[in-house]
Structure formats: structure tokens, C-alpha cells
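Here is a short briefing to read alongside the model.

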Amino acid sequence: MKKMRAMWQTFRSDVDRRVRTTRMLGLLFLAGGFVVIAKAWDGASNHVRVDSQFPYLLSGGFMGVGLIVTGCMLLVLASMRSERQAQSKQFDDMATLLSRTLGRMSSPAGATGTEAIQVLAGGDTYHVAGCRVLEGKPDLPAITVRQAAAEGLAPCRSCDPPRLAEVTEQNSSN
Ligand SMILES: [Zn+2]
């Protein structure tokens, strides 16, 4: 699970880099487009006769507009990507919060034994209250063992909290 989380982290920062690169490319294309149009304008103004201005304006204009359109598309793509990223992060947080709330509401009646025991949820692991790993982190949410297992949290090695029997079986068969 820790490995998967690490992979997800690198994937996320990878997306970050891609968004930045796409944004840079978009700005480059935009700048290039304006330069090309300015050059075409310049080239055309060197010719006094209108019919010899046309080739410059046409080819330069089309190329410039093409570059600008491409640049805009890249910028839009980058912002869409980063937005989706932010949304999926928010969605993850919301899903965790919701399932915790639901778990807390349903656990007193539904769950019994080990899975109803309250533990504290850390980033990757869960703990019993008073674990020394948790020193300086007083605000960890309290969840049930079942919820911790559902979120893929591993039992802390230091305080050795209760764990679900079915979960340990699954782990050993993998
Ligand atoms: Zn612990």
C-alpha cells in the first residue's frame, strides 16, 4: 500500500510537470504567433504595391494565427488538466470524510468486536491513542478499525493497534 501511495505521489507530481510544460509550450506558441504576424506586417510594409504585400500577409498571417490558436489550445488543455487534478484531490478528501462520517454513524449499531474499536488515522497508518509516533500530531481523526482497513491504512508498528482478521489473511495471501 505504501508503494502504491508513493507511485500515486510521483504520478501526481508528474502531472504537475506536464501541466507546467504544456503551459510553457502554449505561451511559446502564442509569442511565436505574434512575432510571425509582426514580421509579416513588417515584410508587407516594405512593399509599396498592394498585390506584392499579399503573399506576406497571407502566409505570415495564417502561420501566426495557427500558432496563436495552437498556443491557446495548449493553455486551455493545461488549465483543464490542473483543474481536474485539483478536483480529484478534493474528491478524494470528500470521499474519505464522507465514508468516515458514515462509518462513525453506522458503527455503534452495525459493527461489533475488533472492527468497532476506535483508532486514530494517520497518513499511511493508524494508531491507538497515546502512540509515541503521534507526538505533536494531536488532531488526528478517530475512526474505527474497519474504516482504517477500508482506507488501506496499515497498523502502526510501534503501538500495534488491533487489526481485522480478514485483512491480515488477505495480506498474507498476496
Ligand atoms: Zn502508532
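**A loop residue to start from**

Val133 has 14 other C-beta atoms within 10 Å and is therefore partly exposed. Val133 sits in the loop that runs between S2 and S3. Please bear in mind that this is a predicted model, with a mean pLDDT of 80 for the chain.

**Around Val133 and Cys156**

- Beyond its neighbours within four places in sequence, Val133 makes contact with His127, Cys156, Ser158 and Cys159.
- Between Val133 and Arg157 there are 9.5 Å from C-alpha to C-alpha, and the two are 24 residues apart in sequence.
- Cys156 touches Val133 in turn, and its other contacts, leaving aside neighbours within four places in sequence, are Thr125, Tyr126, His127, Cys131 and Pro161.

**Overall layout**

- The chain holds four helices and four strands, and along the sequence they follow the pattern α-α-β-β-β-α-β-α.
- Of the 174 residues in the chain, 18% count as buried.
- Among contacts in the chain with a separation of 6 or more, 71% are between residues 24 or more positions apart.

**The sheet**

- In what order do the four strands lie in the open sheet? The order is S3-S1-S2-S4, and the pairing is mixed.
- Strand S3 (142-144) and strand S4 (154-155) are at the edges with a single partner strand each, so one side of each has no neighbour in the sheet.
- S1, residues 118-121, pairs with S3 in the antiparallel sense over three bridges; within this pairing, Val119 has Ile143 of S3 as its bridge partner.
- S1 and S2 also run antiparallel, joined by two bridges, and Leu120 is placed opposite His127 in S2.
- S2, residues 125-127, pairs with S4 in the parallel sense, over two bridges, and here Thr125 stands opposite Ala154 of S4.

**Nonpolar cores**

- The largest nonpolar core has 10 residues, including Val119, Leu120, Tyr126, Cys131, Ile143 and Cys156.
- Which elements each supply at least two residues of this core? They are S1 and helix H3 (145-150).
- H3 gives the most to this core, with three residues.
- A second, separate core has six residues, among them Val36, Ala40, Leu67 and Leu74.

- Arg23 belongs to helix H1, which covers residues 2-45.
- Arg23 and Leu74 are 51 residues apart in sequence, yet their C-alpha atoms are 6.5 Å apart in space.
- Leaving aside neighbours within four places in sequence, the contacts of Arg23 are Leu75 and Ala78.

- Glu115 is located in the loop between helix H2 (50-110) and S1.
- Glu115 is buried because 22 other C-beta atoms lie within 10 Å.
- Apart from neighbours within four places in sequence, Glu115 is in contact with Thr144, Val145, Arg146 and Leu164.
- One of these, Thr144, is 29 residues from Glu115 along the chain, with 6.3 Å between the two C-alpha atoms.

**Asp160 and its backbone**

- Asp160 is in the loop between S4 and helix H4 (165-173).
- Most residues other than glycine have a negative phi. Asp160 has a positive phi, near 50°.
- Why does Asp160 count as exposed? It has 11 C-beta neighbours inside 10 Å, and the cut-off for exposed is 12 or fewer.

**Confidence**

- Across the chain, 80% of the residues reach a pLDDT of 70 or more.
- Where does pLDDT stay under 50? This is the case over residues 167-174, for which the model has two contacts beyond four places in sequence.

Notes
Residues numbered from 1 in each chain as written. Predicted model: local features only at pLDDT ≥ 70, side-chain atom pairs only at ≥ 80, totals over all residues. Pairing = 2+ DSSP bridges. Buried ≥ 20, exposed ≤ 12 C-beta atoms within 10 Å, placed from the backbone. Contact = placed C-beta atoms within 7 Å. Core = buried A, V, L, I, M, F, W, Y, C linked by C-beta atoms within 7 Å. pLDDT = per-residue confidence, 0-100.
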